[in-house]
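Please open the structure in your viewer and colour it by chain. The tour below moves from one selection to the next and says what is to be found at each stop.

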Amino acid sequence: MPVTAIGPYAAQALDSQDRFHGLQLVYLCWEKHLMFCAPFTLPLPPHMLFADFIEQVAKPAIAQHPDAQWVDFAQVQWRLDEQPWTPDPGASLQANGIGHKSLLHMATPGLNGLAGTCN
Amino acid sequence: MKSRVYINLQDNDYARAIVEAIVQDNPGAEVQHQPSMIRIEAEGRLEIRRETVEGITASPWDIQEMLMYVITLGGNVEEEDDRFSLHWNN
Amino acid sequence: MAVKKRLNAKEKYRCMTRDLDWEPSYQRHEDIYPHERFEGIKITDWDKWEDPFRLTMDTYWKYQAEKEKKLYAIFDAFSQNNGHTTLSDARYVNALKLFLSGVTPLEYQAYQGFARVGRQFSGAGARVACQMQAIDELRHVQTQIHAMSHYNKHFNGLHDFAHMHDRVWFLSVPKSFFEDARTAGPFEFLTAISFSFEYVLTNLLFVPFMSGAAFNGDMATVTFGFSAQSDEARHMTLGLEVIKFLLEQHEDNVPIIQRWIDKWFWRGYRLLTLVGMMMDYMLPNKVMSWSEAWGVYFEEAGGALFKDLERYGIRPPKYVEEANIGKEHITHQAWSIFYQYSQATNFHTWMPTDEELDWLSEKYPDTFDSLYRPRFEHWRALQEKGERFYNPTLPMLCQICQIPLAFSEPDDPTTLSHRSAEHAGERYHFCSDGCCDIFQYEPEKYIQAWLPVHQILQGNCGGADVESVVRDYYNITPGEDNFEYLGSTEHRRWQDWHPNDKGSTPASPADPDRRQTA
């Protein structure tokens with residue numbers, strides 16, 4: 001049952017990609033760095049290169065964390081929508097399979113937050 | 001062990017006679033004084049009797065008046081003309 | 001002739017409520033009460049409805065009028081004596097800002113909800129109880145606004161609470177909770193609000209918070225709180241009677257009620273995160289920790305309740321174990337959200353003082369020092385260097401509770417909890433199994449959620465940058481109503497009122513960068 005209603009019921013999703021003026025949403029979570037309280041919501045052009053995403057979006061987003069300066073993005077272990085995944089830096093977000101409202105997890109083994117407390 | 005019922009009353013002059021009556025009628029009741037309120041707990045059942053309250057204050061008392069000073073309660077409620085009780089069935 | 005002088009309470013109640021009801025003869029029952037059937041609840045005999053409080057309308061008005069007289073006398077005394085100047089500390093008022101914009105509008109929604117379901121039930125006992133509760137809720141809205149109007153003369157952020165409730169990102173958490181209940185059928189509404197919220201969880205909202213107000217010198221709030229609670233005892237009892245009545249009416253009702261209890265326990269628990277945060281972080285003089293309050297008012301009191309309901313085939317709510325684990329974590333996680341997004345709130349945030357940090361360590365011995373203290377000490381060190389931390393990005397929100405995905409996995413406090421589901425080709429994200437389950441059962445309802453972050457990014461909240469959304473769409477004045485407490489106009493004003501009081505808040509440099517991230 002999609003909804004308990006008194007009669008016929010038609011609903012429209014409020015966050016479909018066409019409502020974001022050519023952009024798509026991507027969520028980014030840096031694991032073991034809970035000083036950032038939640039994953040970020042990032043509105044991005046689907047044709048943005050993954051390399052540009054790293055330089056122009058991901059790096060500034062995490063810059064305030066003391067660990068940020070030590071992150072080697074070539075070594076980051078990624079998950080895309082909870083599946084292990086290896087990005088192609090020269091390809092676009094779309095070509096990398098990152099869809100609207102996809103969630104990226106980045107793990108940085110060896111970097112475990114403020115004094116290793118996962119913060 | 002039976003579950004505990006409870007009632008919290010505002011800590012004021014009005015409540016004092018009720019608390020005294022509860023202690024008289026419910027030997028197992030435990031009275032706790034907390035910031036600005038009085039909490040009374042008992043195992044299984046708690047009763048407030050009109051007669052006892054009236055005996056303490058020496059004036060007529062309508063049980064429904066008490067609801068003005070109740071902050072919270074836990075248990076099944078039974079309200080009669082001459083008593084108010086809380087109980088769990090387990 | 002024997003004339004009986006007075007009716008006793010039972011007889012009077014029967015005459016003045018149920019005896020005023022009648023059976024319709026020229027309209028069909030289902031046309032008059034069109035909402036009574038579609039949820040699948042089966043009522044065979046409304047006369048089995050028990051009214052524990054045999055309160056008739058005339059008695060109701062008499063006592064409510066007396067409550068109001070007492071209450072307003074105290075409001076007058078409080079304001080005539082400049083009660084706001086003798087609070088424990090001005091930081092306390094930030095809890096009131098959260099209360100006025102987050103909770104008071106819910107009282108209004110409760111009024112709307114009970115007025116509607118009172119109309120929709122064909123049982124006279126249920127209708128009268130809902131009618132009284134609707135009027136109670138309206139009274140609560142009014143008394144809260146009156147109590148806060150005094151604070152509004154002297155503090156920031158209280159000026160437009162109803163407007164903010166409809167728009168501000170974190171206020172969509174309480175707003176959507178109640179709208180979810182009000183857009184359900186009448187029986188789900190009662191299970192949600194009367195039982196799951198009023199009976200099972202509301203003590204956690206009012207009792208510790210009101211004691212907290214008493215402990216922090218806020219006589220006005222204590223008084224409206226206790227005045228409201230005197231109605232609440234009646235509401236709680238209605239909640240319990242509703243559940244017992246529905247369960248006794250038909251065995252087919254049991255699984256439906258169980259699912260609603262599961263859903264609304266979880267929704268209420270998530271909502272109360274805000275209250276827990278208020279208790280642990282926003283009361284300068286603490287009464288009890290969230291963890292302690294959860295122990296007394298949920299684990300103990302709820303334990304007795306669910307034991308009592310066992311014989312109807314009802315078990316404790318699903319995911320109750322996760323809530324019991326969460327009590328050690330959620331308030332610290334919530335304060336972290338508000339601290340780093342304080343550029344977009346209608347209240348100030350701050351880092352706990354040394355004493356407060358020690359209190360938290362003592363109350364949360366298994367979690368605070370290892371997981372949360374390092375984060376707070378880091379932020380405090382940044383603040384002392386004049387680099388107060390604000391998060392310039394927007395957070396990812398749960399599709400159901402609409403809280404940022406800031407809660408940790410029940411079995412791993414160093415990993416953020418995340419669940420997702422697909423519906424009609426679209427991805428949806430959740431903070432927990434509890435929220436995910438709610439979505440999966442009625443996806444068509446929740447794909448319409450108005451998620452504030454997504455709405456900002458769609459351009460539906462005015463400007464493209466956070467500062468203009470906050471200023472123009474929320475009507476929050478940047479630099480006055482929001483950001484860090486230390487060095488705020490409110491902090492300075494408090495110091496002007498108390499020139500000799502150096503102990504209440506630690507001296508610290510003002511916050512030169514506080515507008516930078518907006």
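What follows begins with the contacts between chains and ends with a single chain.

This is a predicted model, in which local features need pLDDT of at least 70 and side-chain atom pairs count only at pLDDT 80 or more, while totals for chains, interfaces and linings use all residues. Residues are numbered from 1 along each chain as its sequence is written, and chains are lettered from A, with ligands numbered from 1, in the order in which they are written.

**Chains A and C**

Select chains A and C, the pair with the most contacts among the two pairs of chains that touch; residues are in contact here if their C-beta atoms, placed from the backbone, lie within 7 Å. On this count, 43 residues of chain C are in contact with 37 residues of chain A. The elements of chain C that give two or more residues to this side include helix H15 (330–340), helix H17 (368–384), strand E3 (412–416) and helix H20 (452–457), where helices (H or I, at least four residues) and strands (E, at least two) are DSSP runs numbered from the N terminus. The largest share, five residues, comes from H17(C).

Next, select strand E2 (residues 40–44) of chain A together with E1(C), which pair in the antiparallel sense over two bridges; strands pair if DSSP finds at least two bridges between them. Within this pairing, Leu394(C) in E1(C) is the bridge partner of Thr41(A).

**Chains B and C**

Toward chain C, by contrast, 24 residues of chain B are in contact with 30 residues of chain C. To see where they come from, select strand E1 (4–10), strand E5 (70–74) and strand E6 (76–79) of chain B, the elements that give two or more residues to this side. Of these, E5(B) gives the most, with five residues.

Finally, hide chains A and C. Chain B has two helices and seven strands, which follow the pattern β-α-β-β-β-α-β-β-β along the sequence. The C-alpha atoms of chain B fill a box of roughly 40 × 30 × 20 Å, taken along the principal axes. Among contacts in chain B between residues at least 6 apart in sequence, 65% join residues at least 24 apart. Of the 90 residues of chain B, 38% count as buried, that is, with 20 or more other C-beta atoms within 10 Å of their own, all placed from the backbone.

Technical notes: Buried ≥ 20, exposed ≤ 12 C-beta atoms within 10 Å, placed from the backbone.
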